[in-house]
Amino acid sequence: MTAEYVIAAPVIASVAARAAAETAGVVRLEPGLRGLATAWTRAARQRWKGLEPAPADGVRVRAHEDSLTVEVDVVISGADQAAAVGRAVQLAVFREVLAQTGRSVDAVRVSILDIEVGRQ
Amino acid sequence: MEVNQDYGLPCGRELETVWENLDEVDEHQLDCVHCRTARESLLALRAATQELIDEPDPTPPDLVGRIMSAVRAEVRRGQMLDLPAAEPGSVEVSEQAVAVVLRYAADSAGNVRARRVRVRKVGVDSSGAAQVEVELTLTTRLGNTSGADTLARVRELVSAAASSRVGISLVSLDLLVEDVYEDGE
């Protein structure tokens, strides 16, 4: 018997979103207009089934052939160096997606859209 | 729907103009990557909004705040600077975010207030970090008798913030003092 496991993109996106949001220095994830539209559509579909979807705002998952790329848009605090926070988000996403889904990510692209100075 | 006029695209066109011409694209919008990106996002937003209107459930809380936050993020996404990344992929930061950090650093020098910050990418260093030229416009306090020292302090703080708070390297920093203010303003 053969068994094939498929991990859907929203699962990876939700795991990556939580990993990024819990990284020190990250204030919040930033969905953008396209992300907002995607989140609303997903939430509406889940509500029909009586489920509340895990948030994945600010994360896009791109699969091309065997390659998997995760893109994360974040707002960070000014207390830490932006480059260091970005690298920490990369590491957290690589680690948590592998641990929770068994799927290894090939690349993580972190975009810091805003820095909130004065916030610790 | 009205979109705040402060949200200009890097090409100079207001987001509101793109919104108004959503169904009638002009020649500039056909050629401009910023306008095309904004238009695609606004079309997606319009479709999602229509779904919400059709949805019998109440609209999500803080709907307007979330939309405007998303619009701001879309504008910021236009101009990004590379930061060093140790892992496969990339780390980048918006020019607007860098400008906020540099303006805050300049303000903390005392006796000056930062106004406009222009950040321009000119290259990438060996670590993968963007090299930038910065032009900072300042207003100085009337009666400040140590103007040269103040400007040296601004230069020191802004340069330090670029590397320690962001992770980019400054190739040049031009300070333009264009106005004065009195205490209490």
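In chain A, R28(A) stands opposite V75(A), a residue of strand β3(A). The model that shows this pair is a predicted one. The strands concerned are β1(A), residues 26-29, and β3(A), residues 67-77, which pair in the antiparallel sense over 3 bridges.

**Strand pairing in chain A**

Strand β3(A) also pairs in the antiparallel sense with β2(A), residues 59-64, here over 6 bridges. Within that pairing, A63(A) stands opposite L68(A) of β3(A). The two strands form a hairpin with 2 residues between them. In the turn of this hairpin, E65(A) has a positive phi of about 50°. Most residues other than glycine have a negative phi.

A parallel pairing joins β3(A) to β4(A), residues 107-116, through 9 bridges. In this pairing V74(A) has I112(A) of β4(A) as its bridge partner.

**The contact between the chains**

Chain A contributes 32 residues to the contact, and chain B contributes 40 residues. On the side of chain A that touches chain B, α2 (32-48), α3 and β4 each supply at least two residues. That side of chain A comprises 17 nonpolar, 7 polar and 8 charged residues.

Strand pairing extends across the two chains: β4(A) and β2(B), residues 89-94, pair in the parallel sense over 5 bridges. One position in this pairing places R109(A) opposite S90(B) of β2(B).

| Strands | Sense | Bridges |
|---|---|---|
| β1(A) and β3(A) | antiparallel | 3 bridges |
| β2(A) and β3(A) | antiparallel | 6 bridges |
| β3(A) and β4(A) | parallel | 9 bridges |
| β4(A) and β2(B) | parallel | 5 bridges |
| β3(B) and β4(B) | antiparallel | 10 bridges |

**Organisation of chain B**

Chain B contains 6 helices and 5 strands. Read from the N terminus, its elements follow the order α-α-α-α-β-β-α-β-β-α-β. Of its 185 residues, 28% count as buried. Among the contacts in chain B between residues at least 6 apart in sequence, 55% join residues at least 24 apart.

An open sheet of 3 strands in chain B has the order β3-β4-β5, with mixed pairing. Its edge strands are β3(B) and β5(B), residues 169-181, each of which pairs on one side only. On average, and with direction ignored, neighbouring strands of the sheet are turned by 15° against each other.

Strands β3(B) and β4(B), the latter spanning residues 130-141, pair in the antiparallel sense over 10 bridges. In this pairing K121(B) stands opposite V132(B) of β4(B). Helix α5(B) packs on the sheet and touches β3 and β4 of chain B, with its direction at about 135° to that of β3(B). Helix α6(B), residues 147-166, also packs on the sheet, where it touches β3, β4 and β5 of chain B. The direction of α6(B) makes about 140° with that of β5(B).

The loop between α5(B), residues 95-107, and β3(B), residues 112-124, holds N111(B). Phi of N111(B) is near 70°, a positive value in a residue other than glycine.

**A glycine in strand β3(B)**

G123(B) is placed in strand β3 of chain B. P10(B) lies 113 residues from G123(B) along the chain, and the C-alpha atoms of the two are separated by 19 Å.

Conventions
Residues numbered from 1 in each chain as written. Chains lettered and ligands numbered in written order. Predicted model: local features only at pLDDT ≥ 70, side-chain atom pairs only at ≥ 80, totals over all residues. Pairing = 2+ DSSP bridges. Helix = DSSP H or I, 4+ residues; strand = E, 2+ residues; numbered from the N terminus. Contact = placed C-beta atoms within 7 Å. Nonpolar A, V, L, I, M, F, W, Y, C, P; charged D, E, K, R; others polar. Buried ≥ 20, exposed ≤ 12 C-beta atoms within 10 Å, placed from the backbone. Axes fitted to C-alpha atoms, helices over the stretch in contact; angles between N-to-C directions.
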